[in-house]
Amino acid sequence: MHRARRARAALADRVTVELIPTSTFDPSEAEVARWARQLGRVHHAAGGVPARGSAVRLRYTAETGKMRCYLEGARTAQAVLTMPGFAEVEVRTQEDRTGIQPVRFPAPEGPA
């Protein structure tokens, strides 16, 4: 039961990244094999999440006539999911980044 709860929790907390290829994207067999090995590491990077909860999902959708590719996986493996797998593919996270505040250091006081 503990394993099932962990898997359900991992499935409820997943991250999605969008893969955007360039117009000249044409991967070699070696690049495809390297990316497949990278996706195979997601389960290990998920850190203790049961296999059912750490699986990677590759989704394709068609929105306004454009095909889009999404990669979905456990949030604990987000670092591996956001690694670029191909030279000509941009990886974008779907998270809202408006909450990120820049760090500001106050000016030193007194004589310099």
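How many of the 112 residues of the protein chain, as a percentage, count as buried? The figure is 27%, where buried means under 20% relative accessible area, exposed means over 50%, and partly exposed is in between, with a 1.4 Å probe and protein chains only.

Some ground rules. This is a predicted model, so local features need pLDDT of at least 70 and side-chain atom pairs count only at pLDDT 80 or more, while totals for chains, interfaces and linings use all residues. Residues are numbered from 1 along each chain as its sequence is written, and side-chain values use heavy atoms, with hydrogens and water left out.

Overall layout. The protein chain has five helices and four strands; these are DSSP runs numbered from the N terminus, helices being H or I with at least four residues and strands being E with at least two. In sequence order the pattern reads α-β-α-α-α-β-β-α-β. The accessible surface comes to about 8,200 Å², and 56% of that belongs to carbon and sulfur atoms; areas come from the Shrake-Rupley method with a 1.4 Å probe, and for residues only the protein chains shown count as cover. Take contact as heavy atoms within 4.5 Å. Among contacts between residues at least 6 apart in sequence, 68% join residues at least 24 apart.

Now the core. A nonpolar core here is a set of buried Ala, Val, Leu, Ile, Met, Phe, Trp, Tyr and Cys residues joined through side-chain atoms within 4.5 Å. In general, nonpolar side chains in soluble globular proteins tend to be buried together. The largest core has 16 residues, and those touching the most other members are Leu 19, Trp 35, Val 42, Ala 46, Leu 71 and Leu 81. Strand E1 (14–21), strand E3 and helix H5 (78–81) are the elements that give two or more residues to this core. Leaving aside neighbours within four places in sequence, the contacts of Leu 71 include Val 15, Val 17, Leu 19, Trp 35, Leu 39, Val 56 and Leu 81.

Next, a charged pair. Glu 72 is in strand E3, residues 66–74, and Arg 14 is in strand E1. Are they buried or exposed? Glu 72 counts as buried because its relative accessibility is 11%, and Arg 14 counts as buried because its value is 15%. Their side chains are joined by a polar contact of 3.0 Å; the term means a pair of N or O atoms within 3.5 Å where, within protein, one must be able to donate a hydrogen and the other to accept it, and residues adjacent in sequence count only if both atoms are side-chain atoms. Not counting residues up to four places away, Glu 72 also touches residues including Thr 16, Arg 59 and Leu 81, while Arg 14 touches Gly 53, Gly 73 and Arg 75, among others.

Tyr 60 is in strand E2, residues 57–63.

Thr 64 lies in the loop between E2 and E3. Its phi is near 50 degrees, a positive value in a residue other than glycine. Thr 64 counts as exposed because its relative accessibility is 80%.
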